[in-house]
Amino acid sequence: MRNTMVTERTRKYGKYALATAILSWSINSDLIDAFAPRQCTSRLLRIPSQNLLQMTATLKEGSSASSSNNEKARELGTQPVVVSAAAEALSHSETTMKLVPSFDLFQLLDEAEGGHVPPLAAGNAMRDGTALKVGIPDTLGEMKLTDYKGLGGDMKIEDLPDPFKMVEKELQPFSDSIKELVSTDQPILSMAAKHFFEKRHGKRFRPTIVQLMAKTVAASPPEKKQGDEWEWSGASDIDLEGGIVTSENHQGSEVWRKQAQLGQIVEMIHVASLIHDDVLDEADTRRGGEAVHKLYSNKVAVLAGDYLLARASVLLARLENTAVVQIMATALESLVAGEIMQLKASPEELLQMESYLRKSYYKTASLICYACRSTALLGGHAYGSTVATACEEFGFHMGLAFQIQDDILDFTAAADILGKPALADMNLGLSTAPILYAAQEFAHLRPLVKRRFKEKGDKQTALEALYKSKTAMDKAKRLAGFHAQRAVDALLRLPQSEARDALLRLTYVVITRKK
(Lines give C-alpha, C1' and ligand atoms only; values in the text may rest on other atoms or scores of the structure.)
Protein backbone atom coordinates (compact mmCIF):
# COMPACT_ATOMS: atom_id res chain seq x y z
CA MET A 1 0.00 0.00 0.00
CA ARG A 2 2.77 2.40 0.99
CA ASN A 3 4.72 1.71 -2.22
CA THR A 4 1.57 2.37 -4.24
CA MET A 5 1.11 5.75 -2.53
CA VAL A 6 4.74 6.71 -3.13
CA THR A 7 4.47 5.72 -6.78
CA GLU A 8 1.30 7.79 -7.17
CA ARG A 9 2.92 10.85 -5.52
CA THR A 10 6.00 10.45 -7.69
CA ARG A 11 3.86 10.19 -10.82
CA LYS A 12 1.94 13.34 -9.89
CA TYR A 13 5.11 15.16 -8.98
CA GLY A 14 6.71 14.18 -12.26
CA LYS A 15 3.97 16.10 -14.05
CA TYR A 16 4.71 19.15 -11.92
CA ALA A 17 8.40 18.94 -12.64
CA LEU A 18 7.66 18.48 -16.33
CA ALA A 19 5.61 21.67 -16.32
CA THR A 20 8.65 23.52 -15.08
CA ALA A 21 10.46 22.82 -18.33
CA ILE A 22 7.96 25.02 -20.13
CA LEU A 23 9.35 28.10 -18.45
CA SER A 24 12.89 27.19 -17.40
CA TRP A 25 15.01 26.47 -20.47
CA SER A 26 17.77 24.90 -18.43
CA ILE A 27 15.66 22.18 -16.82
CA ASN A 28 16.34 19.21 -19.08
CA SER A 29 17.59 16.45 -16.79
CA ASP A 30 15.89 13.09 -16.33
CA LEU A 31 13.10 13.38 -13.74
CA ILE A 32 14.47 10.29 -12.04
CA ASP A 33 17.54 12.34 -11.05
CA ALA A 34 15.28 14.63 -9.04
CA PHE A 35 14.55 11.78 -6.67
CA ALA A 36 18.09 10.47 -6.41
CA PRO A 37 19.58 9.98 -2.93
CA ARG A 38 20.51 13.23 -1.23
CA GLN A 39 24.22 12.45 -1.30
CA CYS A 40 24.15 12.81 -5.10
CA THR A 41 25.53 15.88 -6.86
CA SER A 42 23.70 19.04 -5.84
CA ARG A 43 22.59 21.97 -7.96
CA LEU A 44 24.44 24.18 -5.51
CA LEU A 45 27.66 22.15 -5.46
CA ARG A 46 30.54 24.33 -4.36
CA ILE A 47 34.24 24.03 -5.13
CA PRO A 48 36.92 26.33 -3.62
CA SER A 49 37.67 28.35 -6.74
CA GLN A 50 34.18 28.75 -8.14
CA ASN A 51 30.61 27.47 -7.92
CA LEU A 52 30.37 25.18 -10.95
CA LEU A 53 26.63 25.58 -11.39
CA GLN A 54 25.96 29.09 -10.23
CA MET A 55 29.46 30.51 -10.85
CA THR A 56 28.85 33.16 -8.22
CA ALA A 57 30.85 36.35 -8.69
CA THR A 58 31.85 36.47 -5.03
CA LEU A 59 33.95 39.45 -4.03
CA LYS A 60 37.43 38.83 -2.62
CA GLU A 61 36.41 40.13 0.80
CA GLY A 62 33.90 37.32 1.15
CA SER A 63 36.23 34.39 0.40
CA SER A 64 36.95 33.41 4.01
CA ALA A 65 33.33 33.79 5.04
CA SER A 66 32.33 31.69 2.03
CA SER A 67 34.42 28.76 3.29
CA SER A 68 32.65 29.00 6.63
CA ASN A 69 29.28 29.04 4.90
CA ASN A 70 30.21 25.99 2.83
CA GLU A 71 30.92 24.10 6.04
CA LYS A 72 27.51 25.23 7.33
CA ALA A 73 25.86 24.04 4.13
CA ARG A 74 27.48 20.62 4.47
CA GLU A 75 26.13 20.37 8.03
CA LEU A 76 22.64 21.07 6.68
CA GLY A 77 22.95 18.49 3.93
CA THR A 78 22.93 18.88 0.17
CA GLN A 79 20.43 21.07 -1.60
CA PRO A 80 17.51 19.66 -3.61
CA VAL A 81 18.47 18.20 -6.98
CA VAL A 82 16.53 19.70 -9.86
CA VAL A 83 19.06 20.04 -12.67
CA SER A 84 22.16 17.93 -13.21
CA ALA A 85 25.52 19.63 -12.76
CA ALA A 86 26.50 19.09 -16.38
CA ALA A 87 23.23 20.48 -17.74
CA GLU A 88 23.43 23.62 -15.60
CA ALA A 89 27.08 24.28 -16.46
CA LEU A 90 26.38 23.90 -20.18
CA SER A 91 23.51 26.37 -20.04
CA HIS A 92 25.74 29.28 -18.94
CA SER A 93 27.80 31.64 -21.06
CA GLU A 94 29.89 34.72 -20.28
CA THR A 95 26.82 36.95 -20.52
CA THR A 96 24.21 34.93 -18.61
CA MET A 97 23.29 35.94 -15.09
CA LYS A 98 24.98 33.89 -12.38
CA LEU A 99 22.16 33.73 -9.86
CA VAL A 100 22.40 32.18 -6.42
CA PRO A 101 19.55 31.50 -3.98
CA SER A 102 18.63 34.52 -1.91
CA PHE A 103 19.44 32.65 1.31
CA ASP A 104 23.09 32.73 0.19
CA LEU A 105 22.78 36.52 -0.17
CA PHE A 106 20.68 37.53 2.84
CA GLN A 107 20.45 36.38 6.44
CA LEU A 108 18.16 33.47 7.35
CA LEU A 109 18.48 33.52 11.15
CA ASP A 110 19.51 35.99 13.83
CA GLU A 111 23.07 35.47 15.08
CA ALA A 112 21.63 34.66 18.51
CA GLU A 113 20.04 31.56 16.97
CA GLY A 114 23.15 30.52 15.07
CA GLY A 115 22.53 32.57 11.95
CA HIS A 116 25.33 34.18 9.96
CA VAL A 117 25.75 37.09 7.58
CA PRO A 118 26.37 35.78 4.03
CA PRO A 119 29.55 36.96 2.27
CA LEU A 120 29.49 39.76 -0.27
CA ALA A 121 28.53 38.64 -3.77
CA ALA A 122 27.20 40.11 -6.99
CA GLY A 123 23.62 40.00 -5.72
CA ASN A 124 24.11 41.65 -2.33
CA ALA A 125 27.15 43.92 -2.55
CA MET A 126 25.30 47.20 -3.19
CA ARG A 127 23.58 47.84 0.15
CA ASP A 128 24.63 51.36 1.09
CA GLY A 129 21.81 52.90 3.09
CA THR A 130 22.67 56.46 2.07
CA ALA A 131 23.64 56.14 -1.63
CA LEU A 132 20.14 56.91 -2.94
CA LYS A 133 19.11 59.39 -0.26
CA VAL A 134 21.81 62.06 -0.23
CA GLY A 135 20.12 65.34 0.66
CA ILE A 136 16.69 63.67 0.66
CA PRO A 137 14.86 63.66 4.02
CA ASP A 138 13.17 60.48 5.24
CA THR A 139 10.68 60.78 8.09
CA LEU A 140 10.73 57.01 8.60
CA GLY A 141 14.46 56.52 8.26
CA GLU A 142 14.83 54.78 11.64
CA MET A 143 11.55 52.84 11.57
CA LYS A 144 11.21 49.89 13.96
CA LEU A 145 8.12 47.71 13.77
CA THR A 146 8.25 47.20 17.54
CA ASP A 147 7.39 50.90 17.95
CA TYR A 148 3.88 50.24 16.60
CA LYS A 149 0.75 49.09 18.37
CA GLY A 150 0.31 45.36 18.44
CA LEU A 151 4.06 44.78 18.36
CA GLY A 152 5.03 46.48 21.61
CA GLY A 153 4.81 50.21 20.86
CA ASP A 154 2.30 53.07 20.79
CA MET A 155 2.61 54.39 17.23
CA LYS A 156 -0.26 53.93 14.78
CA ILE A 157 0.49 52.04 11.58
CA GLU A 158 -2.63 53.67 10.11
CA ASP A 159 -0.59 56.87 9.76
CA LEU A 160 1.13 55.20 6.79
CA PRO A 161 -0.59 54.82 3.38
CA ASP A 162 -2.93 51.84 3.00
CA PRO A 163 -1.16 49.46 0.56
CA PHE A 164 -4.32 47.85 -0.79
CA LYS A 165 -6.22 51.09 -1.29
CA MET A 166 -3.24 52.64 -3.08
CA VAL A 167 -3.39 50.11 -5.90
CA GLU A 168 -7.07 49.17 -5.63
CA LYS A 169 -8.15 50.95 -8.82
CA GLU A 170 -5.20 49.57 -10.78
CA LEU A 171 -6.02 46.02 -9.67
CA GLN A 172 -9.80 46.31 -10.17
CA PRO A 173 -9.63 45.07 -13.78
CA PHE A 174 -7.03 42.47 -12.71
CA SER A 175 -9.38 39.48 -12.53
CA ASP A 176 -11.10 40.21 -15.84
CA SER A 177 -7.80 40.83 -17.56
CA ILE A 178 -6.12 37.70 -16.24
CA LYS A 179 -9.17 35.57 -17.08
CA GLU A 180 -8.84 36.73 -20.67
CA LEU A 181 -5.13 35.97 -20.67
CA VAL A 182 -5.72 32.34 -19.60
CA SER A 183 -8.79 31.75 -21.74
CA THR A 184 -8.78 28.60 -23.90
CA ASP A 185 -11.11 26.92 -26.39
CA GLN A 186 -11.40 23.87 -24.10
CA PRO A 187 -14.32 24.63 -21.70
CA ILE A 188 -13.27 22.35 -18.80
CA LEU A 189 -9.63 23.44 -18.93
CA SER A 190 -10.67 27.08 -19.21
CA MET A 191 -12.99 26.86 -16.19
CA ALA A 192 -10.36 25.08 -14.10
CA ALA A 193 -7.63 27.59 -15.03
CA LYS A 194 -9.90 30.55 -14.27
CA HIS A 195 -11.19 29.13 -10.98
CA PHE A 196 -8.92 31.16 -8.67
CA PHE A 197 -9.23 34.33 -10.74
CA GLU A 198 -12.97 34.62 -10.31
CA LYS A 199 -14.77 34.45 -6.96
CA ARG A 200 -11.87 33.00 -5.01
CA HIS A 201 -9.14 35.39 -6.06
CA GLY A 202 -7.62 35.65 -2.56
CA LYS A 203 -5.83 38.71 -1.22
CA ARG A 204 -3.93 39.46 -4.45
CA PHE A 205 -0.97 39.82 -2.13
CA ARG A 206 1.72 39.25 -4.75
CA PRO A 207 0.28 41.54 -7.47
CA THR A 208 -0.13 44.23 -4.79
CA ILE A 209 3.55 43.94 -3.87
CA VAL A 210 4.63 44.13 -7.53
CA GLN A 211 2.43 47.15 -8.21
CA LEU A 212 3.68 49.01 -5.14
CA MET A 213 7.28 48.05 -5.88
CA ALA A 214 6.90 49.41 -9.41
CA LYS A 215 5.89 52.78 -7.97
CA THR A 216 8.69 52.64 -5.41
CA VAL A 217 11.46 52.02 -7.94
CA ALA A 218 10.03 54.76 -10.18
CA ALA A 219 10.88 57.19 -7.38
CA SER A 220 14.45 55.87 -7.24
CA PRO A 221 16.92 57.35 -9.75
CA PRO A 222 19.00 54.74 -11.62
CA GLU A 223 22.66 54.47 -10.64
CA LYS A 224 25.54 54.89 -13.03
CA LYS A 225 26.90 51.67 -14.48
CA GLN A 226 30.01 50.69 -12.51
CA GLY A 227 31.57 48.17 -14.87
CA ASP A 228 31.02 45.70 -17.70
CA GLU A 229 30.39 42.69 -15.45
CA TRP A 230 27.09 40.81 -15.84
CA GLU A 231 25.71 42.23 -12.59
CA TRP A 232 25.54 45.68 -14.24
CA SER A 233 23.28 44.33 -16.98
CA GLY A 234 19.60 43.40 -17.04
CA ALA A 235 17.99 46.84 -17.06
CA SER A 236 15.26 47.33 -19.65
CA ASP A 237 15.73 50.10 -22.21
CA ILE A 238 13.49 52.98 -21.19
CA ASP A 239 11.68 54.73 -24.04
CA LEU A 240 10.62 57.79 -22.04
CA GLU A 241 11.70 61.42 -22.02
CA GLY A 242 15.17 61.62 -20.52
CA GLY A 243 15.60 57.85 -20.78
CA ILE A 244 14.63 57.19 -17.16
CA VAL A 245 11.46 56.36 -15.25
CA THR A 246 10.23 58.90 -12.72
CA SER A 247 7.17 59.15 -10.50
CA GLU A 248 5.81 61.73 -12.94
CA ASN A 249 6.08 59.72 -16.17
CA HIS A 250 5.58 56.21 -14.79
CA GLN A 251 1.78 55.87 -14.59
CA GLY A 252 0.34 54.61 -17.87
CA SER A 253 3.74 54.19 -19.54
CA GLU A 254 4.96 51.06 -21.33
CA VAL A 255 7.19 50.38 -18.31
CA TRP A 256 4.15 50.55 -16.02
CA ARG A 257 2.22 48.16 -18.32
CA LYS A 258 5.01 45.58 -18.32
CA GLN A 259 5.42 45.76 -14.55
CA ALA A 260 1.66 45.27 -14.15
CA GLN A 261 1.85 42.29 -16.50
CA LEU A 262 4.64 40.88 -14.35
CA GLY A 263 2.20 40.99 -11.43
CA GLN A 264 -0.23 38.91 -13.49
CA ILE A 265 2.51 36.44 -14.40
CA VAL A 266 3.48 36.07 -10.75
CA GLU A 267 -0.13 35.36 -9.80
CA MET A 268 -0.44 32.77 -12.59
CA ILE A 269 2.68 30.96 -11.38
CA HIS A 270 1.47 31.14 -7.78
CA VAL A 271 -1.99 29.79 -8.63
CA ALA A 272 -0.49 27.00 -10.76
CA SER A 273 1.66 25.99 -7.78
CA LEU A 274 -1.43 25.95 -5.53
CA ILE A 275 -3.33 23.71 -7.95
CA HIS A 276 -0.40 21.30 -8.23
CA ASP A 277 0.27 21.36 -4.48
CA ASP A 278 -3.35 20.50 -3.73
CA VAL A 279 -3.10 17.46 -6.01
CA LEU A 280 0.15 16.36 -4.36
CA ASP A 281 -1.18 16.93 -0.85
CA GLU A 282 -4.65 15.56 -1.61
CA ALA A 283 -6.13 18.74 -0.12
CA ASP A 284 -9.91 19.17 -0.15
CA THR A 285 -10.17 22.95 0.13
CA ARG A 286 -8.36 26.11 -0.95
CA ARG A 287 -9.29 29.75 -0.32
CA GLY A 288 -12.48 28.72 1.42
CA GLY A 289 -13.78 26.58 -1.45
CA GLU A 290 -13.17 23.22 -3.06
CA ALA A 291 -9.76 22.54 -4.55
CA VAL A 292 -9.65 22.37 -8.35
CA HIS A 293 -8.96 18.62 -8.43
CA LYS A 294 -12.00 18.06 -6.23
CA LEU A 295 -14.21 20.08 -8.57
CA TYR A 296 -12.93 18.33 -11.70
CA SER A 297 -10.27 15.62 -11.47
CA ASN A 298 -6.56 15.17 -10.83
CA LYS A 299 -5.86 15.09 -14.57
CA VAL A 300 -7.76 18.31 -15.24
CA ALA A 301 -6.11 20.02 -12.26
CA VAL A 302 -2.59 19.05 -13.38
CA LEU A 303 -3.32 20.17 -16.94
CA ALA A 304 -4.83 23.44 -15.69
CA GLY A 305 -1.68 24.13 -13.67
CA ASP A 306 0.52 23.23 -16.63
CA TYR A 307 -1.52 25.50 -18.87
CA LEU A 308 -1.16 28.45 -16.48
CA LEU A 309 2.61 27.91 -16.44
CA ALA A 310 2.65 27.79 -20.25
CA ARG A 311 0.67 31.03 -20.51
CA ALA A 312 2.93 32.63 -17.90
CA SER A 313 5.99 31.70 -19.97
CA VAL A 314 4.54 33.27 -23.11
CA LEU A 315 3.64 36.49 -21.32
CA LEU A 316 7.04 36.52 -19.62
CA ALA A 317 8.81 36.39 -22.98
CA ARG A 318 6.69 39.35 -24.14
CA LEU A 319 8.23 41.51 -21.42
CA GLU A 320 11.25 41.56 -23.78
CA ASN A 321 13.85 41.37 -21.05
CA THR A 322 15.92 38.18 -21.12
CA ALA A 323 17.34 38.85 -17.65
CA VAL A 324 13.83 38.99 -16.20
CA VAL A 325 12.97 35.75 -18.04
CA GLN A 326 15.99 34.06 -16.44
CA ILE A 327 15.20 35.39 -12.98
CA MET A 328 11.54 34.37 -13.10
CA ALA A 329 12.41 30.98 -14.62
CA THR A 330 14.66 30.47 -11.61
CA ALA A 331 11.72 31.36 -9.36
CA LEU A 332 9.68 28.58 -10.94
CA GLU A 333 12.58 26.17 -10.61
CA SER A 334 12.70 27.11 -6.93
CA LEU A 335 9.05 26.14 -6.43
CA VAL A 336 9.84 22.66 -7.70
CA ALA A 337 13.00 22.52 -5.59
CA GLY A 338 10.91 23.28 -2.52
CA GLU A 339 8.55 20.39 -3.26
CA ILE A 340 11.48 18.02 -3.72
CA MET A 341 13.10 19.29 -0.53
CA GLN A 342 9.83 18.73 1.34
CA LEU A 343 9.47 15.23 -0.08
CA LYS A 344 13.08 14.09 0.33
CA ALA A 345 14.23 15.79 3.56
CA SER A 346 16.16 13.44 5.82
CA PRO A 347 15.03 12.89 9.45
CA GLU A 348 17.88 15.11 10.69
CA GLU A 349 16.95 17.93 8.31
CA LEU A 350 13.35 17.83 9.52
CA LEU A 351 14.63 19.10 12.88
CA GLN A 352 16.82 21.91 11.52
CA MET A 353 15.47 25.47 11.58
CA GLU A 354 17.66 26.55 8.67
CA SER A 355 16.42 23.63 6.58
CA TYR A 356 12.83 24.67 7.32
CA LEU A 357 13.62 28.27 6.35
CA ARG A 358 15.32 27.22 3.12
CA LYS A 359 12.31 25.14 2.17
CA SER A 360 10.09 28.15 3.00
CA TYR A 361 12.30 30.27 0.75
CA TYR A 362 11.94 27.86 -2.15
CA LYS A 363 8.19 27.40 -1.77
CA THR A 364 7.12 30.95 -0.86
CA ALA A 365 9.77 33.67 -0.66
CA SER A 366 11.60 32.93 -3.94
CA LEU A 367 8.69 33.94 -6.15
CA ILE A 368 8.18 37.17 -4.20
CA CYS A 369 11.82 38.24 -4.04
CA TYR A 370 12.58 37.42 -7.68
CA ALA A 371 9.44 39.30 -8.74
CA CYS A 372 10.61 42.32 -6.75
CA ARG A 373 14.07 42.34 -8.36
CA SER A 374 12.51 41.81 -11.79
CA THR A 375 10.25 44.82 -11.20
CA ALA A 376 13.36 46.92 -10.64
CA LEU A 377 14.97 45.63 -13.85
CA LEU A 378 11.87 46.46 -15.87
CA GLY A 379 12.06 49.93 -14.35
CA GLY A 380 15.54 50.51 -15.77
CA HIS A 381 17.74 49.39 -12.86
CA ALA A 382 20.65 46.97 -13.31
CA TYR A 383 20.63 43.60 -11.55
CA GLY A 384 23.42 44.48 -9.11
CA SER A 385 22.25 48.03 -8.38
CA THR A 386 21.39 49.30 -4.91
CA VAL A 387 17.74 49.56 -5.95
CA ALA A 388 17.42 46.02 -7.35
CA THR A 389 19.32 44.55 -4.40
CA ALA A 390 17.03 46.28 -1.90
CA CYS A 391 14.01 45.00 -3.81
CA GLU A 392 15.11 41.36 -3.70
CA GLU A 393 16.18 41.61 -0.06
CA PHE A 394 12.80 43.07 0.86
CA GLY A 395 10.98 40.29 -1.01
CA PHE A 396 13.16 37.60 0.58
CA HIS A 397 12.44 38.70 4.14
CA MET A 398 8.82 39.62 3.41
CA GLY A 399 8.20 36.17 1.92
CA LEU A 400 9.73 34.39 4.90
CA ALA A 401 7.83 36.55 7.39
CA PHE A 402 4.62 35.78 5.48
CA GLN A 403 5.26 32.01 5.56
CA ILE A 404 6.25 31.92 9.23
CA GLN A 405 3.11 33.85 10.14
CA ASP A 406 1.11 31.39 8.03
CA ASP A 407 2.67 28.54 9.98
CA ILE A 408 1.80 30.22 13.28
CA LEU A 409 -1.80 30.69 12.15
CA ASP A 410 -1.95 27.01 11.25
CA PHE A 411 -2.03 26.37 15.00
CA THR A 412 -3.99 29.42 16.18
CA ALA A 413 -6.70 30.05 13.56
CA ALA A 414 -9.74 27.96 12.68
CA ALA A 415 -10.03 26.35 9.25
CA ASP A 416 -13.01 28.51 8.25
CA ILE A 417 -10.93 31.63 8.87
CA LEU A 418 -7.83 30.34 7.11
CA GLY A 419 -9.79 29.17 4.05
CA LYS A 420 -7.86 25.88 4.14
CA PRO A 421 -7.58 22.98 6.59
CA ALA A 422 -5.90 23.79 9.91
CA LEU A 423 -2.87 21.70 10.95
CA ALA A 424 -2.32 20.99 7.26
CA ASP A 425 1.47 20.76 7.60
CA MET A 426 1.36 18.28 10.49
CA ASN A 427 -1.07 16.14 8.53
CA LEU A 428 1.56 16.01 5.78
CA GLY A 429 4.25 15.03 8.30
CA LEU A 430 5.92 18.46 8.21
CA SER A 431 7.22 20.51 11.12
CA THR A 432 7.16 24.30 11.00
CA ALA A 433 8.67 26.96 13.26
CA PRO A 434 6.32 26.55 16.28
CA ILE A 435 6.83 22.77 16.46
CA LEU A 436 10.59 23.06 15.83
CA TYR A 437 10.94 25.50 18.72
CA ALA A 438 8.84 23.20 20.92
CA ALA A 439 11.15 20.32 19.95
CA GLN A 440 14.12 22.38 21.13
CA GLU A 441 12.43 22.61 24.52
CA PHE A 442 11.00 19.07 24.75
CA ALA A 443 13.38 16.31 23.71
CA HIS A 444 10.59 13.71 23.44
CA LEU A 445 9.21 15.58 20.39
CA ARG A 446 12.31 15.06 18.28
CA PRO A 447 11.71 11.40 17.35
CA LEU A 448 8.12 12.35 16.39
CA VAL A 449 9.35 15.09 14.08
CA LYS A 450 11.95 12.81 12.52
CA ARG A 451 9.35 10.14 11.72
CA ARG A 452 6.91 12.77 10.36
CA PHE A 453 4.23 12.09 13.01
CA LYS A 454 3.46 8.73 11.41
CA GLU A 455 2.60 6.77 14.57
CA LYS A 456 -0.73 6.90 16.33
CA GLY A 457 -0.89 9.72 18.86
CA ASP A 458 2.18 11.57 17.50
CA LYS A 459 0.26 14.66 16.39
CA GLN A 460 -1.68 14.89 19.63
CA THR A 461 1.52 14.57 21.66
CA ALA A 462 3.18 17.31 19.59
CA LEU A 463 0.22 19.65 19.97
CA GLU A 464 0.07 19.13 23.72
CA ALA A 465 3.78 19.95 24.00
CA LEU A 466 3.40 23.04 21.82
CA TYR A 467 0.54 24.45 23.87
CA LYS A 468 2.37 23.56 27.08
CA SER A 469 5.51 25.38 25.95
CA LYS A 470 6.03 28.88 27.34
CA THR A 471 8.48 29.89 24.61
CA ALA A 472 7.82 28.08 21.32
CA MET A 473 5.07 30.29 19.91
CA ASP A 474 6.78 33.46 21.11
CA LYS A 475 10.03 32.40 19.43
CA ALA A 476 8.18 31.73 16.19
CA LYS A 477 6.63 35.19 16.38
CA ARG A 478 10.05 36.74 17.02
CA LEU A 479 11.41 34.91 13.98
CA ALA A 480 8.64 36.37 11.84
CA GLY A 481 9.40 39.77 13.41
CA PHE A 482 13.11 39.40 12.62
CA HIS A 483 12.38 38.90 8.93
CA ALA A 484 9.75 41.63 8.85
CA GLN A 485 12.20 44.14 10.33
CA ARG A 486 14.88 43.09 7.84
CA ALA A 487 12.34 43.69 5.06
CA VAL A 488 11.75 47.17 6.48
CA ASP A 489 15.49 47.84 6.68
CA ALA A 490 15.88 46.95 3.00
CA LEU A 491 13.05 49.30 1.99
CA LEU A 492 14.56 52.13 4.02
CA ARG A 493 17.56 52.15 1.67
CA LEU A 494 15.21 53.45 -1.04
CA PRO A 495 14.04 57.09 -1.26
CA GLN A 496 10.86 57.84 0.64
CA SER A 497 7.65 57.78 -1.37
CA GLU A 498 4.02 56.97 -0.69
CA ALA A 499 4.40 53.57 -2.32
CA ARG A 500 7.50 52.69 -0.28
CA ASP A 501 5.73 53.69 2.93
CA ALA A 502 2.72 51.59 1.89
CA LEU A 503 5.05 48.60 1.56
CA LEU A 504 6.33 49.34 5.07
CA ARG A 505 2.77 49.17 6.32
CA LEU A 506 2.18 45.96 4.38
CA THR A 507 5.13 44.39 6.19
CA TYR A 508 3.42 45.20 9.50
CA VAL A 509 0.15 43.72 8.21
CA VAL A 510 1.87 40.46 7.25
CA ILE A 511 2.99 39.65 10.81
CA THR A 512 -0.11 40.93 12.61
CA ARG A 513 -2.79 39.36 10.39
CA LYS A 514 -5.16 36.74 11.77
CA LYS A 515 -5.83 34.89 8.52
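These legends accompany close-up views of side-chain contacts in a predicted model. Residues are numbered from 1 along each chain as its sequence is written, and side-chain values use heavy atoms, with hydrogens and water left out. Because this is a predicted model, local features need pLDDT of at least 70 and side-chain atom pairs count only at pLDDT 80 or more, whereas totals for chains, interfaces and linings use all residues.

**View 1. The aromatic pair of Phe106 and Phe396.** A search of the whole structure finds eight aromatic pairs, where rings of Phe, Tyr and Trp (its six-membered ring) pair if their centres lie within 6.5 Å, and planes under 30 degrees apart count as stacked, over 60 as edge-to-face and the rest as tilted. Phe106 and Phe396 form a tilted pair, with 5.8 Å from centre to centre and 45° between the planes. The pair links distant parts of the chain, since Phe106 lies in the loop between helix 3 (85-90) and helix 4 (163-166) and Phe396 in helix 14 (residues 386-412), 290 residues apart; helices (H or I, at least four residues) are DSSP runs numbered from the N terminus. Phe106 counts as buried because its relative accessibility is 0%, and Phe396 is likewise buried at 0%, where buried means under 20% relative accessible area, exposed over 50% and partly exposed in between (1.4 Å probe, protein chains only). Ring pairs link Phe103, Phe106, Tyr361, Tyr362 and Phe396 into a cluster.

**View 2. The salt bridges of Asp138.** The structure holds 14 salt bridges, each being a side-chain nitrogen of Lys or Arg within 4 Å of a carboxyl oxygen of Asp or Glu. The side chain of Asp138 meets that of Lys133 at 2.7 Å, N to O, and Asp138 also forms a salt bridge with Arg500, the closest N and O atoms being 2.6 Å apart. Arg500 lies in helix 21 (residues 498-512) and Asp138 in the loop between helix 3 and helix 4, so this pair ties together parts that are 362 residues apart in sequence. Asp138 and Lys133 are both buried, and Arg500 is buried as well. Lys133, Asp138, Arg500 and Asp501 are linked in a network of salt bridges.

**View 3. The salt bridge between Glu339 and Lys363.** The closest N and O atoms of Glu339 and Lys363 are 2.9 Å apart. Glu339 lies in helix 12 (residues 322-344) and Lys363 in helix 13, so the pair ties together parts that are 24 residues apart in sequence. Glu339 is buried, with a relative accessible area of 4%, whereas Lys363 is partly exposed, with a relative accessible area of 23%.

Technical notes. Helix = DSSP H or I, 4+ residues; strand = E, 2+ residues; numbered from the N terminus.
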